[in-house]
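Please keep the sequence and the model in view while reading.

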Amino acid sequence: MTKYRSTYQRISRRELYSPRSVAAITLAILAIAACLWLMIEIVLNLLGRPGLLATPAGMAGAVAGVSSAPPVFVGGLGLTGALIGLLLLVVAVTPGRRSRHLLETERAATIVDNEVIASALAREAARVAGLAPDNARVTVTPRSATVHLTPTSGTAIDQQAVLTAVREQIEAFGLLRSLHAKVVVVSMGRVGG
């Protein structure tokens, strides 16, 4: 049983979290483009032709002349570089999260998409509020579900009853990580049904 549990945990993790392939590929393409540009500049300089953007001697002079630049400019460059490095470090270390949730089951890894949860919650909220299905919209994030209701003009919605029904529906799903429910009623109603 332990062997199957670890297999289900691996499958669940793979389905819930996405790799950072897009960020890594984008960064690699940018690095390759920068290296190609430098290579073209060097080749053009060796052939005695003008550079595309800057000559290698001009770039070296700009780097050497940074010490004579205003301290605010140098500090700004350093801070920008540090922030970009920190951002890249955070992207590299933290896993990407897919818009899915894991259901609590004994014998299988059951994954449900956020759109399925949102659709079910919208249907239940519209039913309890006495609204048309188009008047209920739900946003599901990894930790919360927000129900937006647009009432028909002139009718009142029992917000607490809808919130209770949404919470009961979330409990009925049996999600491994429960969602915090919130109901928002739009102040201006829709004409008609």
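In which helix does M39 lie? The residue M39 belongs to helix α2, which covers residues 21-46. The model is a predicted one. Its chain has six helices and seven strands, and 21% of its 193 residues count as buried.

**The chain as a whole**

- Among contacts with a separation of 6 or more, 62% are made by residues 24 or more positions apart.

**Helix α2 and M39**

- The 26 residues of α2 should span 38 Å at 1.5 Å a residue, and the distance of 37 Å between its end C-alpha atoms agrees with this.
- M39 counts as partly exposed because its relative accessibility is 48%, a value that falls between the limits of 20% for buried and 50% for exposed.
- M39 and P56 are 17 residues apart along the chain, and their C-alpha atoms are separated by 9.8 Å.
- Just after α2, G48 has a positive phi of about 80 degrees.

**Helix α5**

- Helix α5 is made up of 16 residues, and its first and last C-alpha atoms are 22 Å apart, close to the expected 22 Å at 1.5 Å a residue.
- The buried residues of α5 are N114, I117, A118, A120, L121, A122, E124, A125, A126 and A129.
- These buried residues of α5 are covered by elements that include β3 (100-103), β4 (110-113), β5, β6 and α6.
- Just after α5, G130 adopts a positive phi of about 75 degrees.

**N114 in α5**

- N114 lies in helix α5 and counts as buried because its relative accessibility is 7%, below the limit of 20%.
- Leaving out residues up to four places away in sequence, N114 touches S99, R100, H101, V140 and T141.
- One of these residues, H101, is 13 residues from N114 in sequence, with a C-alpha to C-alpha distance of 6.8 Å.

**The packing of α5 against α6**

- Two packed helices are described by the angle between their axes and by the distance between those axes.
- Helix α5 (residues 114-129) and helix α6 (residues 159-173) pack at an angle of about 145 degrees, and their axes are 9 Å apart.
- The crossing in which α5 passes α6 is right-handed.
- On the α5 side, the residues in contact are I117, A120, L121, E124, A125, V128 and A129; on the α6 side, they are A161, V162, A165, V166, Q169, I170 and F173.
- Sorted by class, this contact has twelve nonpolar residues, one polar residue and one charged residue.
- Q169 is placed in α6 and touches L121 and E124 when residues up to four places away in sequence are not counted.
- Q169 and A125 are 44 residues apart in sequence, and their C-alpha atoms are 9.5 Å apart in space.

**The largest nonpolar core**

- The largest nonpolar core contains 24 residues, and L149, V162, V166 and I170 have the most contacts inside it.
- Two or more residues of this core come from each of α5, β5 (136-140), β6 (144-149), α6 and β7 (180-185).
- Helix α5 gives the most to this core, with seven residues.
- Beyond its neighbours within four places in sequence, I170 is in contact with L121, A145, L175, S178, L179 and A181.

- T146 has its place in strand β6, and it counts as buried because its relative accessible area is 17%, which is under 20%.
- Leaving aside neighbours within four places in sequence, T146 is in contact with R137, V138, T139, K182 and V184.
- T152 is found in the loop between β6 and α6, and its relative accessibility of 21% makes it partly exposed.
- T152 and G130 are 22 residues apart in sequence, with 9.6 Å between their C-alpha atoms.

Key. Residues are numbered from 1 along each chain as its sequence is written. This is a predicted model: local features need pLDDT of at least 70, side-chain atom pairs count only at pLDDT 80 or more; totals for chains, interfaces and linings use all residues. Side-chain values use heavy atoms; hydrogens and water are left out. Axes are lines fitted to C-alpha atoms, for helices over the stretch in contact, and angles run from 0 to 180 degrees between N-to-C directions. Helices (H or I, at least four residues) and strands (E, at least two) are DSSP runs, numbered from the N terminus. A crossing is left-handed if the near helix is turned anticlockwise from the far one by less than a right angle, and right-handed if clockwise. Contact means heavy atoms within 4.5 Å. Ala, Val, Leu, Ile, Met, Phe, Trp, Tyr, Cys and Pro count as nonpolar, Asp, Glu, Lys and Arg as charged, and the others, Gly among them, as polar. A nonpolar core is a set of buried Ala, Val, Leu, Ile, Met, Phe, Trp, Tyr and Cys residues joined through side-chain atoms within 4.5 Å. Buried means under 20% relative accessible area, exposed over 50%, partly exposed in between (1.4 Å probe, protein chains only). The expected span of a helix is 1.5 Å times one less than its number of residues.
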